Protein chains: 2
Amino acid sequence: MQVTLVEKADQVMPPFDIEMAAVIKSALEQGGVDVRLNTGVEGFELANQQGNGLRVLTSSGVIDTDLVILALGVRPETGLAKAAGLQLGPRGGIKVDAHMRTSDPNIYAVGDAVEGVDFVTGLEVLVPLAGPAQRQGRVAADNICGRPSTFRGIQGTAVVGIFDTTAACTGETEKALLRQGRSPDSFHSVYLHPGHHAGYYPGATPIHMKIVFDAKNGRLLGAQAVGKQGIDKRIDVCAMCIQKHGTVYDLAEAELCYAPQYGSAKDPINVAGLIASNVLHNDAPLACWGSGSGSAACAATAAAAKSGTAIRQVVLDVREPDECKNEPIIVDLQNQGRPSESIRIPLHTLRERLHELPRDVELDVVCRVGQRSYYAVRLLRQHGFNAKLLSGGYLTWNMKSKAALSASPPSKM
Amino acid sequence: MQVTLVEKADQVMPPFDIEMAAVIKSALEQGGVDVRLNTGVEGFELANQQGNGLRVLTSSGVIDTDLVILALGVRPETGLAKAAGLQLGPRGGIKVDAHMRTSDPNIYAVGDAVEGVDFVTGLEVLVPLAGPAQRQGRVAADNICGRPSTFRGIQGTAVVGIFDTTAACTGETEKALLRQGRSPDSFHSVYLHPGHHAGYYPGATPIHMKIVFDAKNGRLLGAQAVGKQGIDKRIDVCAMCIQKHGTVYDLAEAELCYAPQYGSAKDPINVAGLIASNVLHNDAPLACWGSGSGSAACAATAAAAKSGTAIRQVVLDVREPDECKNEPIIVDLQNQGRPSESIRIPLHTLRERLHELPRDVELDVVCRVGQRSYYAVRLLRQHGFNAKLLSGGYLTWNMKSKAALSASPPSKM
């Protein structure tokens, strides 16, 4: 059986940032799905005279198939509400207050047809999820029965299984924050790729994780993760942290279950918090991962380019020669005021080769996942170099490269 | 291979409350381990003249074996600290302040040998766990390097695998609170036994969960869970909630990952919070589950018995006849001012049989897991009955019965 997924957007799973969606797309492809992005469906025909089969007309050619599943999203059915004269909100859902009361004080509304308030940003959102819907029902019932209670808003915590891969998210993505008009220099994003449990215990699988946080106070704004195991657990912990207005420092200090088959003494949650804390303390500030990503780091790079105060940027790859021989040069990704030079010095020889490194440049340090580059950044900054971290290393670069590829539409087949 | 576990205490796994430990003991037994509680090891001998084998002398007989594993707990090695003249704390560990500094300002100490502060109670504790140890190391390093940082204390979050079962906990147990001298009427405990994911998706396995919370403000004090899947996830969410001084209302309102293979629209975390909120709102107050358990509910029952104001207590079992025909009468467990009567009326016939129920008694309502008894308690209270919930139903009763059995030492074999 051949399955083809046709998607008009440049990514699958819009609730995720594009580079996280690239991991999901890979999981679909590994499961045998032919994923065609930037491809609009234009119509359907019978595939042949006998009428047994369908032909799907797309913007990049036809696909003959036996079965079509339409997954076109969710829109609120507000016909009844409109007929009753109820007010709708800016997103087209039924407008309700925090007590789930509509513009008619005798009518309450809950669920997928109502607009909610984004818990993190305070903006109106339409989030058709079962969890918030059932909590809204309880709030409405409380109020109807005379117990004043309020709905605290929606975080958008969600999870999906893709064959043996799980993807989950809570709170804001980089994309959502920018779409809502939030200033890109007001938040950071960091990446990590830890094992889902201690590496010395067999069977650890990587978690590809990204957290987004406030650049000033470290408040956790959102988290996304994709991997085979332990994904929903980490996102649920982030969801509770966001619910309690927690920060990346709280993630760093979290005391979570640790036995080797369940986690690590430094759980992925702790590691995410520590990486983010290092950014906020300026211990390991972030370099920009190329245009449109990296949030505050890229905003600073773009601003410097615009004002003519840009510093020459050089990528420093601290991996071992064996690791990088088949890897493309990282600058391929950099397409907007990004480094055109790269230097390779393995971490273990860096200390004696400091004299080879240029001063008066920004050294954007990279390794495979971000641990050795962290050590290198600390070493370099203590020696007075302007060193920054390419967060999450080559594994992040892989995700971002795939995302960059999918941003260019396919040619007509 | 026959494995025998010999334990001097009346339960395995002391960090858990005894009825939670009863589930762990069952998991050990299902894995073929012969668990002997209340049994002290008194010595070892060679099993025979040939010297191939050991004889373990216990307080209840001898066990011949090929291999003995001693798991006697952890005590801090403070020899070096004492020799250096450092102050020790009340629990025998090295005394440190929140900066991990010992009584000698030039010496820092971290890890299993130091005393920490219990994050929930503020009391000194000795908790030899890797997670806190690594965070203490970071705090000490920060301070040594001139960055003031403090260690926030230890929650005691821990997890263990027992064959295919997982047991985890965070924060305080009922036992620990009572041992620390906390008044039993200052906290509640509730039980639940939900599936680890939505019941309509195949493969859901039960989570046996208990949370302990402040009777006044609902602050979450501790959580324990045992089951086959999804255990560490729920305890980690509770750990973050405790870290952020969260309440049971926060658990009720948590927005967690939901897809049928991962959780439920009402996740076990939400259900725990809702049950607890119902107690605090007096919608479904708790009945005492027999002596030494139930915390505030049992304290009230005991106080009433002492002052001569005890109300006659009657167990109302609302399960279907088919479910209870092989079940012992629940009053077997009740051994201190507890009900001597029981009535069986299935929930679906309760509304038309209200006239059969006595007034002027306390109706302690029970079902299998606590859902139908909740409906019954609400119905009864709305009709003016003094109805209370036996939290977690017969599944809790099973755990408590096993725990009660293990409290009586075995006879000499």
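Two residues are in contact if their C-beta atoms, placed from the backbone, lie within 7 Å. Keep that rule in mind throughout. This is a predicted model, in which local features need pLDDT of at least 70, side-chain atom pairs count only at pLDDT 80 or more, and totals for chains, interfaces and linings use all residues. Residues are numbered from 1 along each chain as its sequence is written, while chains are lettered from A and ligands numbered from 1 in the order in which they are written.

Start with chain A. Its domain assignment gives domain 1 (3–73), domain 2 (80–144) and domain 3 (285–413). Such bounds come from an automatic or database domain assignment. The centres of domain 1 and domain 2 of chain A, taken over C-alpha atoms, are 33 Å apart.

Next come the strands and helices. Both are DSSP runs, numbered from the N terminus: helices are H or I with at least four residues, strands are E with at least two. Two strands pair if DSSP finds at least two bridges between them.

Look at an open sheet of 3 strands in chain A. The order is β3-β4-β5, and the pairing is antiparallel. β3 (41–46) and β5 (61–65) of chain A stand at the edges with a single partner strand each, so one side of each has no neighbour in the sheet. On average, neighbouring strands here are turned by 25° against each other, direction ignored. Axes are lines fitted to C-alpha atoms, for helices over the stretch in contact, and angles run from 0 to 180 degrees between N-to-C directions. β3(A) and strand β4 (residues 54–58) of chain A pair in the antiparallel sense over 5 bridges. In this structure, A:G43 stands opposite A:L57 in β4(A).

Now move to an open sheet of 4 strands in chain A. The order is β14-β13-β15-β16, with parallel pairing. Its edge strands are β14 (341–344) and β16 (386–389) of chain A, each pairing on one side only. Neighbouring strands of this sheet are turned by 30° against each other on average, direction ignored. Strand β13 (residues 313–317) and strand β15 (residues 362–366) of chain A pair in the parallel sense over 5 bridges. A:L316 stands opposite A:V365 in β15(A). Helix α11 (residues 371–382) of chain A lies across β13, β15 and β16 of chain A. It runs at about 160° to β16(A).

Helices pack too. Two packed helices are described by the angle between their axes and the distance between the axes. Helix α1 (residues 18–30) and helix α12 (residues 393–406) of chain A pack at an angle of about 90°, with their axes 8 Å apart. α1(A) and α12(A) are therefore roughly perpendicular to each other (65 to 115 degrees; under 35 counts as roughly parallel, over 145 as roughly antiparallel, and the rest as oblique). On one side stand A:I18, A:E19, A:A22 and A:V23 in α1(A); they meet A:M399, A:K400, A:K402, A:A403 and A:S406 in α12(A). By class, these contact residues are 5 nonpolar, 1 polar and 3 charged. Ala, Val, Leu, Ile, Met, Phe, Trp, Tyr, Cys and Pro count as nonpolar, Asp, Glu, Lys and Arg as charged, and the others, Gly among them, as polar.

Chain B can be laid on chain A with an RMSD of 0.0 Å by a turn of 180° and a shift of 0.0 Å along the axis. That is the relation of a two-fold axis. The same surface serves both copies: 100% of the contact residues of chain B recur in chain A. The superposition is by least squares on the C-alpha atoms of residues with pLDDT of at least 70 in both copies.

The contact takes 37 residues from chain B and 37 residues from chain A. On the side of chain B that touches chain A, the elements giving two or more residues are α3 (130–144), β8 (158–162), α5 (231–243) and α6 (248–253) of chain B. α5(B) gives the most, with 9 residues. This side of chain B divides into 19 nonpolar, 8 polar and 10 charged residues.
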